[in-house]
Amino acid sequence: MPLTSDVSINVAKFDPASNSEQTKILNDQIEAKFNATPAWYEVGAPKYREMRLKNETALPGPVMLPQALDITIPSREQGRDIPCRLMYPQARKTDEERKGVKGVVMHIHGGGWVLGDEKSHDVLLQFYADAGDLAVISIGYRLAPENPFPKGPEDCVDAAEYLVKNAESAYGGPLKFMGGESAGAHLSVVTTFHLLKTHPEFTLSGGLLLHFGCYDLSGLPNTKHFTRNLILNGEVIEHFVKAFVPTHTPDQRKEAAVSPYYEDFSPFRGKLPSALFTIGTEDPLLDDTVTMSVKWMMFGGEAIVKVFPGGCHGFISFPPSALKEAGEAMGDTKTFIEERVGRR
């Protein structure tokens, strides 16, 4: 018998030869749009947010669904609440019906800790709600550069602690899932480690939904080598990180509260929640997903890692008709939710 590796990957998934013609065409179109429009840091975050709402940026503005509910969750600061967005399964119309949901998803939006808000992902929230018969709450955490670290993470922690205690009574079911995209995936892992430390009796029984997250803000090699203007690249990441942690030195960026990859996992061996990691290979955060998911498994956590050849950063936001890989990723996400929603 030949010697075999204890760690293996599907190499073909990472080979550029596996990129479909559809992904190549779409990526070229996206890059052309980003080359033709200003970056957020060139016009300033407040103006770029306004431009996004007016569909004046490279990517279209958010689609807001009428069934979404605007709510608030109390923060640690007296008199200041955190704005949130609540979505229920479409099949549950009345307040009484909604009391029967199987659990709650805490969603943390992406946008480099600078862009987006709780209203940015209504379509995704509805997808989660319908996929698992779940109530989904998106957190409108404070954004950089106006509110740099630790303000955004504090809001996510405050919301999570509130939901651990009140999700069932307030929204119909216990907190079962947490997740987000990009910076939202980063904040989800940071928040999860906080709960593991402060609420040892609590288990996130459904798991984590981590789409193309950033887990090392000091920058893994691919963030430095990826130069295409394809939604995100090394230069754009550095501007986002500087807005989020403006006074941190390179070494301070490796503190666990900032970069969860550097967290001491050893106290949580066997206690980590199940996690779904998705990533496209044309994403500068590819290394982040690969390294973090392997570390998750090293400490006894269940990690389902799905890699999509040619997928750019944020690829799940495209309709399956425009990008087959987006439909596949959302299908995998639905399966992950369905398989775990009944866990206690």
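Visitor: What ground rules apply?
Guide: This is a predicted model: local features need pLDDT of at least 70, side-chain atom pairs count only at pLDDT 80 or more, and totals for chains, interfaces and linings use all residues. Residues are numbered from 1 along each chain as its sequence is written, and side-chain values use heavy atoms, with hydrogens and water left out.

Visitor: Why is the pair Phe193 and Phe265 called edge-to-face?
Guide: Rings of Phe, Tyr and Trp (its six-membered ring) pair if their centres lie within 6.5 Å; planes under 30 degrees apart are stacked, over 60 edge-to-face, the rest tilted. Phe193 and Phe265 lie 5.1 Å centre to centre, with 70 degrees between the planes. So the pair is edge-to-face. The whole structure holds 15 aromatic pairs.

Visitor: What makes the pair Phe193 and Phe265 tie together parts apart in sequence?
Guide: Phe193 lies in helix H8 (residues 183-198), and Phe265 in the loop between helix H10 (234-244) and strand E7 (275-282), so the parts tied together are 72 residues apart in sequence. Helices (H or I, at least four residues) and strands (E, at least two) are DSSP runs, numbered from the N terminus. Both Phe193 and Phe265 also belong to a cluster linked by ring pairs, with Tyr215, Phe268, Phe277, Trp296 and Phe299.

Visitor: Which residues is Ser188 in contact with, leaving aside neighbours within four places in sequence?
Guide: Contact means heavy atoms within 4.5 Å. Ser188 touches Ile108, Met178, Gly179, Gly180, Leu208 and Leu210 on that count.

Visitor: How do you know that the charged end of Lys295 sits over the ring of Tyr261?
Guide: The rule asks for NZ of Lys or CZ of Arg within 6 Å of the ring centre and within 35 degrees of the ring normal. The charged end of Lys295 is 4.6 Å from the centre of the Tyr261 ring. That value is within the distance limit. Lys13 lies over the face of Phe308, at 6.0 Å from the ring centre.

Visitor: What lines the second largest pocket?
Guide: A pocket is an open set of points on a 1 Å grid over the protein atoms alone, where a 1.4 Å probe fits, with protein on both sides within 12 Å along at least five of seven lines; lining residues have an atom within 4 Å of a point. This one is lined by 16 residues, with Ser8, Ile9, Asn10, Met297 and Val305 nearest its centre. Helix H11 (286-298) is among the elements giving two or more residues. H11 gives the most, with five.

Visitor: What makes Asp133 and Ile231 stand out in phi?
Guide: Each has a positive phi in a residue other than glycine: near 55 degrees for Asp133, near 70 degrees for Ile231. Asp133 is buried at 17%, and Ile231 is buried at 15%. Asp133 sits in the loop between helix H6 (122-132) and E4.

Notes:
Buried < 20%, exposed > 50% of the residue type's maximum accessible area, 1.4 Å probe, protein only.
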